[in-house]
Each structure stands twice: as C-alpha cells, then as structure tokens.
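Subject: Handing over the structure, with notes

Dear colleague,

Please find below the structure that I promised to pass on to you.

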Amino acid sequence: MRTGAVLGAVGLVVALGVAGGAAFYLHRTGAAVQRAVDPVGVAAPDLYPADTLAFLAVHGLDRSYASAEAWWRKFEGTAAFLALRRAWEGDRKQVPPVVSENLAAIEKEMARAEARFGSRPTTRDFFETYGRYTAVGLVPPEPGGSRPRLLAVVRLPGEGAATALRSHLEKAPEVRRGETAAGHAYPVFTEERADLGPVHYGVGGGFLFLSDAAGPLDAALDRLAVAADPKGPGRPAGALSEDPILKRVTPARWEDLRVAVYLKRAIKLSSWSPGLEALDRVVEEAFVLAPQDPAVAFAVNGSGDGAGRLRSSFAIGVPKPWTEALPAGLAQFQLQVPLPETTIRKALEPGLSRFLGKALWKEAEALLADPARVKRLLREAIPAEAGLDDELVARVPNDLRLLGELARGAAESVLYAPASGFAMAVKAYPAPDGSRSGETVYALDAGPDVVFVVATLLEGLRAQLADRSLPRAAPGGGALEDSNSWIVRESRPGALLWRANMERMREELGEKGKPGGPDTPMGFLREYIPGVLLAGGRLYFCLGPGILEEIARLHDPSLAGPGAPAPLSSDPVFAEALKAVPEGFQTLDYTRPAEWLEAISAGYRSVLESAAGSFGSRNPQEAETLRAVLGTADEVLRWVGRTRCEVSATYVEPERPSIRVSLLDPAAAGRGPELELAAAPSKAPGLLPAETWGLTLVRLDLGAAVAAVREAFLKRWPGGEAGWKKEGVRLDADPALVDAVVERLLKNQRGELGIAVALPKVPPESRELRGPQDAIVRAPGIVLFAEFRDADAAFAAVRLLLERLQADLNPRPFEERHRVFLRSGGRGEPPAGSMLTVGTVGPHPALALDLYLPVGGTEYAVPSLCVLERDGLLFLTNSVGTFQAIAAAQPGAEGTLAARLAAELPAGSLPGATSRLTLLRTDGFLAEARLYLEALVPMALGFSLGGYSERPPEERIQAHERGWTRFLDLLLDACSTSSWGVGASVQEGDRVRSTWLSIPDRKR
C-alpha cells in the first residue's frame, strides 16, 4: 500500500477520534449546551442495511483501557520511560520514515482538534468515547458507484455529548452544514479533506455517524429515526439485525456483546482497489467451512452463558472423547487433558506462594525502600559520564517494582493457563507390497477461530499449488475442470479434509501404474504423505493416508452399527491399561512396545529387505548377514512382545505421584531372555558419596540378552556357528579387544547398571577460577557403574582397553616428550598426551588415565578417567574426588548417599527392594552452578564498582564482595525446592508398577 493511502487511513481514524474526543472533553468539562436530541436505545445492526458487506462491533474497550492505563501510569514513573522520552525528544532522525510520516499526520490532526475545540483529545478520551460501543462497516456502493462505502457508528458518552458535538461542528469553519434528508430530522455535516475527500458526519440519538458517502449516512439516520419513533415499529425493517447469520452468534441483549465480526461472501474489495484482488480470493476461500452460507460471523459475549467464548456462525462440531475419535489398534497414544484453571491454580498456588515468600524478595523490597542506598549503589556502578542524573536514579526503584509485577503476572499466566487438549498417536498399516508402515497423527482441540484460519490457509495453499495446464479427463470422456493441485480437498459427512494428491505425485515421479514397492520413492515416502482433517472441533495433522481415512470414518455419523470403524475405546488392551492408572491425570502415555518398534522401523526394514534381494547375487555374504540381522530383529520383537503395553500418567497436584504400569503377558514367559532382574536392595547408594544428587539404575542381565541375540543370529546363518566361523563377515579388529568387550563386559554383566551425578569437592587451591583446570575440577562427577558376574574379568577388560588407548595416544611416551619440551625452554608446540596409572586404592583395584591437553605456554588442562572395582561393581568416573570417596566408603555408613537419604527423607520414602530406581535432587543443579558463579564474584565487582575512576576504597570492595555473595545465596535459595524426586519400580504379578514423586526433605 502506498504511503499516501496509509496516511489517508490514519487521517480517517484520527478524524473519527478528534470528533469523539472533543465531544467527550466537552461533556467532561460540563459545557452548558441545551440537549437537542434524546438518546435512542438501539443496537448497532439496526442502523446498518441488510446487504452490509462487512461489520465489526466492539463493546467495553473502555474497561480494558482503564486496566491498561493503570499499567501505563506505573510505566510513566520509571527511569526507562524518562530515558525513552528524552531520546525521542532529542533526536527523531533515528525514527523510520514511515513512522515519522504517520506520527506527523496524527500530530497535525491533534493540533487541528486543539484549535477547533480548545483541547487536545487524550488516549483516555478516545477509548472512553469509542470503546463503550463502536461499530464500523462496509456497505454496498451507491447507485452508479463502483466501490463499497464506509459507515461508522459510535455511542457517545453522557447525555450532553451529542448536542455539544453538534454545536461545535456547526461552528467549525471547514465543516459545512448539509441538508437534512426527508426521512429524518438529524443534522448532517460535510468536511472536505485533501487526503480523504469528503467526510460526512451525522449526530443524533446519542450517536455519532461517520461515512465517506452521503447516501449510506442518510440511510443510517433514517433507520435511527424509525427506531426513535415511539409510534413506529421500534425496529427498522431491512436492517442487518435481521440477518440470520448474525443472529446465530449475537446475544439476545445487544449490551451483552463484547465483539462481533460479520463478513459477506459477496464483498468485492478489488472494486475499491485492484491491489486487493488477492484479498477477495482469501475471502472466497474462507467460506469452505460454510459453502451454503452467504456470510460468516463471529462473536464474543461479555456476560451471560458462554461469556468470553468465541462463537461462530458455522458449526465445527462437538469434540468426541479422544478414545472415540481415534482408531483401535494404536501402537502409541499420548494425551494432554485440558484441566480447569481452578484445578491448576489450587495445585500450583502453594508452590508459587512459597517461591514468592523467599528471603530474596523481602530483601529486594527493603533495598528499594532505601533511596539513599539505591542511589549510592547506582553511583558506584555507573560512570558519571553516562549522564545518570538524580531524577533517573530516583525512578530506578519504580522500574524494578514494575518488572517484578510483570514477571509475577507472566508467571501466573503461564502456570495457571489451561492447556488445550492435545493428542499424538502412531499406528501400523499394511502396505500393498505386504510390508507394514507406521503412520502418525497429531491432533488438538481448536476453536472456531483456529478452524477458520487453518481452513482459509489450506484453501489458499491449494489454489497456489494448482496447475491449470494439467486438467484430467472426466469420467464421461469430456474435459473435467480441475486444477489438478498438489492438494486435494474432500468434504465428508462430519469432516473436511485436505490431503496430498497421490495421483499427481505418481505422475510427477514417473511412477504411474507401478505397485509402489519399497524400492520406489512413493513406497518409501507413503507413510509420510501429509493430510489435514477438521472434524468435531479438532484439527488433525496426519502423516499417512491410512490413519487420515480411519479418523475421517470415525467422525462420519452415517457409519454406525456393526460395520462402523472400531474406536480406541473398543481396544481391550487399551481399556485394561487405562484402568491401571488413577483418574484425573493431566497427561497419559500409552505404548505397545512391539507394535511401536515395528511401526517406526517398518519403512527402513522394507528398504533393507529390498537391498538384500537386489545385491544378493553380487555379494551373497553381506546379503546373508543382512537377512540374519532382520530375522534376529523379528526374534527380539517377539521378546519385547512379552510386555503387552505400558501406560503412564502424570498429575498436576504435587502430592500425587506420576505412575507408569507395564502389563506383562504371562503366556509369553520363557519366550526370550529375562533382561530385567527381580527387585532387590540396591548396592550403589551405599557406596556413592553423599554429594550425589542424581542417580538412575536398573537391574539387568545383559549377559543373557547378548547370548540370546547371538544364538538367534547364528540359527539364521547358513551352517550356524560353524558356518559363521568359516564364511561370516570378518571384523577389522583385534580379537583380544572384541573378546574384552563382548565376553568380559557385555556377556559378563548381571545386576545393577546405572549412572550417577555427584557434586565435586573443589580443592582449596582451585577456589579461584584462574584457568581451565580450575573449571575442570568444578565439573560434576559423572559416575557410570555396572555389576558383573566376574568383576575381576571386567576390570581386566577395561584395563586392556585403556592400555591400548594409551599406546595409540602415545607412540612415544608422553613423559619423554614433555621432558624434551621443557629442556628446549618451552619452544615450539607443547606436546599432548596421556598417562595411565594402574594400582590399588586400599584393597580395591584401580586405574586412572590422565589426559594432558596444552592450553598455552607450559600450562596444561588435565581431565581424568578413573576406574575402580569393589564389591562386585565397576565404577568409572571423571572426578578424582568422587573416585576417592567411593574407594573409601563404608557401605551405607556416614558420608554415603544411603546415609544421606536416611537422614533427609521421611521413613518409608524408599522401597527396600526395586528393579529400577531413580533419585534426583534438583537443588544439586543449583549447587553445581554455585561452584562456577561464586568464582565469578571478583569479576562482578568490576560491574558494581564501575563508577570509580580510580581504585575503589578497600572497605567498598569488601562490602560489594559480601553483597554479591549474599545475592548469590538468596538467588539460589529462591530457586531451591529442598526436595528429592524419587522413582522406583516393583513387579507385582504380571505388572511392573513405577512411581515418581517429589518428596520434601525433613529440613523444609
């Protein structure tokens, strides 16, 4: 749009604002003008013709503005506002030209209003004049005209505002009084504007009318006269209020309305401006949801039933329960349930109140209440040349308070806002070539506004992707008028769907008539072909044609009875899983592991099977290997099938544990190796240091699983083990290393397997962050551990691997290379290398690999890898301190994680025996962050003492150091939860039940 058009639009709005603003000003100052026209109680649609093309009505913006104005007044008192105002008044050259032009236009209109009425309208004047009751519409062209005309109607505040406005319009020199039409007695005025042309005003019945043509204005005033006539029908005939489309959404009492929008299909904006032709196409495409209606309408009511909810003139349907809207046989189903705001607030408000009651906020408020202290801190932090004067300094506490209020409001909005219903599902479908493909759907609850926008965008995209040069033949032999778009739209009973045009894709890919096997692009991509379905107030985005079709059929009301598609609620496995978790959940996750693995791997498997057949004649050995691998994968899937399904649920209430239940198939016992062992007391917590803040372990028998996989592979290889030894693929690896990994580590593992994270112990010499090594010793101690049948053999295997790594890293011993470097006076590049130490720590075998990484000059960063064997477990960690703590620990005694948990958690919080265990103290993240942040305090002094041109006094340096340390303490305390997250799993018959709960420690 040209700048002139922009200015014209701005001027039109400003003209409306000036007139109404002046009326409000005169009313507010009590102008003594005799009331000439009595207010008329009439709804805005009564004042518009039945053939109105577009209509917008707004009520109650004055109330919204009052709230916004309160925030604005707070902002006006901040230093940020003062700085911005000074910058604006000082140099406007930095403002973009288009903004400057529009601001200049507004300033011009404000000056005209001030000269005409003796007062400049304020923002409050504008909102209190128009926000109470305003309507703007486009009406058809006048006879002989070519473009729609604008008509605006504003209910003026107070009884005297209309008469006051009429009086001043009569006195304005640039406004002339028009002739009153025969149908009404209300005065009309015309103002010639160079940028807009003639602007016509009408005043009557407590309303201000504005139009860019005289005819629509007189017609509106005629309808007002009918409504005002006490002897007349009361409601004018042929008005927009009689439109059945608008009636569907507006309340019985017009005063209850908040917003109403009406749009007619017949609107032709291109008659106004040829450049708006594209917008006409958008309007036409928007009617895909209401193909039989001449118009669409939306409304939001401010009171009564459905207050605050958007209503539409077209039906989007009532959402079905998710279990009725999605098909049976799903391999995976995830659901987010929209809980009421009251439920969310009740559950989360105590936690937010506890956070807001922390000492950080109390001390911050005490600081802001001490202007002298704030002033001193700012003067010490900001150099004098920055221009921070006393007025700005005095306002800074207002900035901080406002930021705090905004942050709190934002936090409450995020925490308490009810999320929309959302679901994701995966299902495997048979393909034409006999394989199976996994197809996915993402779905969410959508209001009429989202449905309308999505449908409009999809229709626009379908039109854009059309190729009218490729019409297809009609069934009767004639030409079928079809754009042959890449997107096809279908109207189904109860649903509207858009899908990729498969025929067009086959034509473009040159696969017309092919079966679409896995070796073709269409075969490989078929599970990713997208489609969108709108049905029952929901939006479904599908990847795959099968699931799109099945969901569409589930929404078809004509498909009922025995032949109806089966919904998820009829799936007996899902029904059993749903009963295994308590009701009232916020999220639900349901998976059938075997079917899910098959679904997500189906496409890749088809490609691999095709590849095995295609190069089998060229490389039979690799083809046999691939077939054996695929057969082994089938065997593993059968083992996984022993878990019929897994279902988990989470709850918004902090005191309710999240739960996960695995339903096992008793008939499948013995079908494969028992990978997960029975519950037993955990050994690792009794050896890990008390500084451990994260732990997850599971009791596994990898040895049995590896042996079973090996057996499954060899029985599918021609000739079995003997044939594999004779003709199998040879790995380019040292047999000793293969034996160490497979035999002494993988096949040897049985018992606990897990990972832990511990807070490192920083030595006194590294308290200051002076180099990379000081950062390394602050890194969290990561501990990998595993239990073995023969821990000595496992330790020997790890030693062999590290010795080979040491040899590869150091073809020439690092100590020797480093001595040569030092004798040369440090000339050249310092050598990198490693040193391996093997020995014992007490009675426990141990080894350590130190990596020497040069960081400049003769300085090195030395990360370490430490290994320790004790009590049948092998521990591997990057932290020397953690390594030493594990070696010195007395099982379960003071200084271990087990002892800490016994002291901090209520009795009975941890089960005596588990097959899986997870522990997490989120405060551990804070303690880890503190190790780095406290080392930055000396650097922070440069920020808070930057206002001194010379070295600050020593007492101020010490005071600021104490202040930063105190701030760090308060900040970490504010984020602290003082609780442990505890997750444990125990098998109960044919079910494995896992729970996760946040448990406050005894200190909270």
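Predicted model: local features only at pLDDT ≥ 70, side-chain atom pairs only at ≥ 80, totals over all residues.

Residues are numbered from 1 along each chain as its sequence is written, and side-chain values use heavy atoms, with hydrogens and water left out.

The chain as a whole

The secondary structure of the chain comes to 32 helices and 31 strands, where helices (H or I, at least four residues) and strands (E, at least two) are DSSP runs that are numbered from the N terminus. Of the 1004 residues in the chain, 44% are buried; here buried means under 20% relative accessible area, exposed means over 50%, and partly exposed lies in between, with a 1.4 Å probe and protein chains only. The chain exposes about 49,800 Å², and carbon and sulfur atoms supply 59% of that area, which is computed by the Shrake-Rupley method with a 1.4 Å probe, and for residues only the protein chains shown count as cover. If you take the contacts (heavy atoms within 4.5 Å) between residues at least 6 apart in sequence, 67% of them join residues at least 24 apart.

Two packed helices are described by the angle between their axes and the distance between the axes. The axes are lines fitted to C-alpha atoms, for helices over the stretch in contact, and the angles run from 0 to 180 degrees between N-to-C directions. Angles under 35 degrees count as roughly parallel, over 145 as roughly antiparallel, 65 to 115 as roughly perpendicular, and the rest as oblique.

I begin with helix α9 (residues 277–286), in which Asp280, Val283, Glu285 and Ala286 are buried, and the cover over its buried residues includes β8 (257–264) and α15 (448–464). The helices α9 and α15 pack at an angle of about 120 degrees, with their axes 8 Å apart, and that makes α9 oblique to α15. Their crossing is right-handed; a crossing is left-handed if the near helix is turned anticlockwise from the far one by less than a right angle, and right-handed if clockwise. On the α9 side the contact is made by Val282, Glu285 and Ala286, and on the α15 side by Phe452, Thr456, Glu459, Gly460 and Ala463. By class, these residues divide into 4 nonpolar, 2 polar and 2 charged, where Ala, Val, Leu, Ile, Met, Phe, Trp, Tyr, Cys and Pro count as nonpolar, Asp, Glu, Lys and Arg as charged, and the others, Gly among them, as polar.

In the next pair, the axes of helix α21 (residues 620–640) and helix α22 (residues 702–714) come within 8 Å and cross at roughly 130 degrees, so α21 and α22 are oblique to each other. The crossing in which α21 passes α22 is right-handed. Thr625, Ala628, Val629, Thr632, Glu635, Val636 and Trp639 in α21 meet Ala708, Val709, Ala712 and Phe713 in α22, and this contact has 8 nonpolar, 2 polar and 1 charged residues.

The last pair is α12 and α32, which pack at an angle of about 135 degrees with their axes 8 Å apart, and that makes α12 oblique to α32. Ala359, Leu360 and Glu363 of α12 make the contact with Arg966, Phe967, Leu970, Leu971, Asp973 and Ala974 of α32.

Some single residues

Leucine 368 has its place in helix α12 (residues 359–368) and, at 11% relative accessibility, counts as buried. Not counting residues up to four places away in sequence, leucine 368 touches Val374, Pro397, Leu400 and Arg401.

Leucine 568, by contrast, is found in the loop between α18 (545–554) and α19 (572–579), and at 0% relative accessibility it counts as buried. The C-alpha atoms of leucine 568 and glycine 329 are separated by 7.0 Å, although the two are 239 residues apart along the chain.

Most residues other than glycine have a negative phi. Aspartate 871, however, has a positive phi of about 55 degrees although it is not a glycine; aspartate 871 is found in the loop between β27 (864–870) and β28 (873–877).
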